[in-house]
Structure formats: structure tokens, C-alpha cells
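Then read on, and we'll go through it sheet by sheet.

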Amino acid sequence: MPLIKLCKINELTEVDSRGFVISEFSPERNIFIVRNYDVVVAYENSCPHNFAPLDWAPDVFLSDDKEFIQCASHGALFEIDNGQCIYGPCIGQSLTTVNISIDDGVIYADL
Ligand code: FES
């Protein structure tokens, strides 16, 4: 599986999110990352409720308080660390994890 360079960790604030369209694949992959201080996680940008993209606006995947990932369509809330839905129409379901690695401050997706 290829490693796709996403961005440097210091391009994100301590609690931040960013979306990426990976065009090396056909069809292209739509993923996002969330930095939560020292932890970085990545998921497919597809809500388990009806597979809509989660972002409110480009790179905006978090609730106002930055405690959860929030789906723009119907407000489902997901735990940042494991992608599990804890509120909304897909409660109990989870986002699909994307494996990442960090090397010398650069975040890579393992797709
Ligand atoms: S599409 Fe995400 S909550 Fe409905």
C-alpha cells in the first residue's frame, strides 16, 4: 500500500482537522485527519449514517467545542480517538479508520 504524504503536524493547531482528496486513486479517496494535541487520527470522510461527507466547510470536521468530530448533515457526534458515534442517527457505528504514520513531523496516510 502506498504512503501518501498529507502535511506536517505543525501545520495544524493543537486541536485541529484537515481534509484531503487523494487523487492517486480511482475513484479518488476523501479522508481527513484530526490532531488532538499529541495524537493524530485519520478517517474516511464518509458518515456511516448515509455516507455523506462530514465537513461543515473545508477542513472543518470538529464540533464548536472541539471535543468531537461532527457530521454536517444531521449532527452526529463521533469520538475523536476511535471514531465511534456517541450521538445522532448512527449511534454505535463508527467512522472508517485510515492508517497513518508520522515520520520526522510529516503525516503520511497508508492507503
Ligand atoms: S449523514 Fe451524518 S448524521 Fe446523517
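Let's start near the end of the chain, where strand β8 (residues 99-103) and β9 run antiparallel and are joined by five bridges. A strand here is a DSSP run of E with at least two residues, while a helix is a run of H or I with at least four residues, and both are numbered from the N terminus. Two strands count as paired if DSSP finds at least two bridges between them. Within this pair, S101 stands opposite Y108 in β9. The two strands form a hairpin with two residues between them, and D104 there has a positive phi near 55°.

Before going further, a word on where this comes from. You're looking at a predicted model, in which local features need pLDDT of at least 70 and side-chain atom pairs count only at pLDDT 80 or more, whereas totals for chains, interfaces and linings use all residues. Residues are numbered from 1 along each chain as its sequence is written, and side-chain values use heavy atoms, with hydrogens and water left out.

Now for the other neighbour of β9. Strand β1 (residues 3-8) is joined to β9 (residues 106-110) by five bridges, and these strands run antiparallel. L3 stands opposite D110 in β9, and C7 has I107 as its bridge partner in β9. Put together, that gives an open sheet of three strands in the order β1-β9-β8, with antiparallel pairing. Which strands stand at the edges? They are β1 and β8; each has a single partner strand, so one side of each is left without a neighbour in the sheet. On average, neighbouring strands of this sheet are turned by 30° against each other, direction ignored; the axes behind such angles are lines fitted to C-alpha atoms (for helices over the stretch in contact), and angles run from 0 to 180 degrees between N-to-C directions.

What holds strands side by side like this? Strands of a sheet pair through backbone hydrogen bonds, either parallel or antiparallel.

There's another open sheet of three strands, with the order β2-β3-β4 and antiparallel pairing. Its edge strands are β2 (15-22) and β4 (39-44), each of which pairs on one side only. The twist here averages 20° from one strand to the next. Eight bridges pair β2 with strand β3 (residues 29-36) in the antiparallel sense, and D16 stands opposite R35 in β3.

P27 sits in the loop between β2 and β3. A cis peptide bond joins S26 and P27, with omega at about 0°. Y37 lies in the loop between β3 and β4, and D59 is in the loop between β4 and β5 (68-70). Each has a positive phi without being glycine: near 60° for Y37 and near 70° for D59.

How open are some of these residues to their surroundings? Buried means under 20% relative accessible area, exposed means over 50%, and partly exposed is in between (1.4 Å probe, protein chains only).

| Residue | Relative accessible area | Class |
|---|---|---|
| C7 | 5% | buried |
| C47 | 2% | buried |
| Y37 | 47% | partly exposed |
| D59 | 34% | partly exposed |

Two of those rows are cysteines, C7 and C47. How many disulfides does the structure hold? Zero, where a disulfide would be a pair of cysteine sulfur atoms within 2.5 Å.

Finally, zoom out to the whole chain. It has zero helices and nine strands. The radius of gyration of the chain (taken over C-alpha atoms) is 13 Å, close to the 13 Å that the globule rule gives for 111 residues, so the chain is as compact as a globular protein of that length. That rule is 2.2 Å times the number of residues to the power 0.38. Along the principal axes, the C-alpha atoms fill a box of roughly 35 × 30 × 25 Å. Of the 111 residues in the chain, 41% are buried. Contact means heavy atoms within 4.5 Å, and among the contacts with a separation of 6 or more, 41% are between residues 24 or more positions apart. The accessible surface of the chain is about 6,200 Å², and 47% of that belongs to carbon and sulfur atoms.

Terms used:
Areas by Shrake-Rupley, 256 points an atom, 1.4 Å probe, with all protein chains shown as cover.
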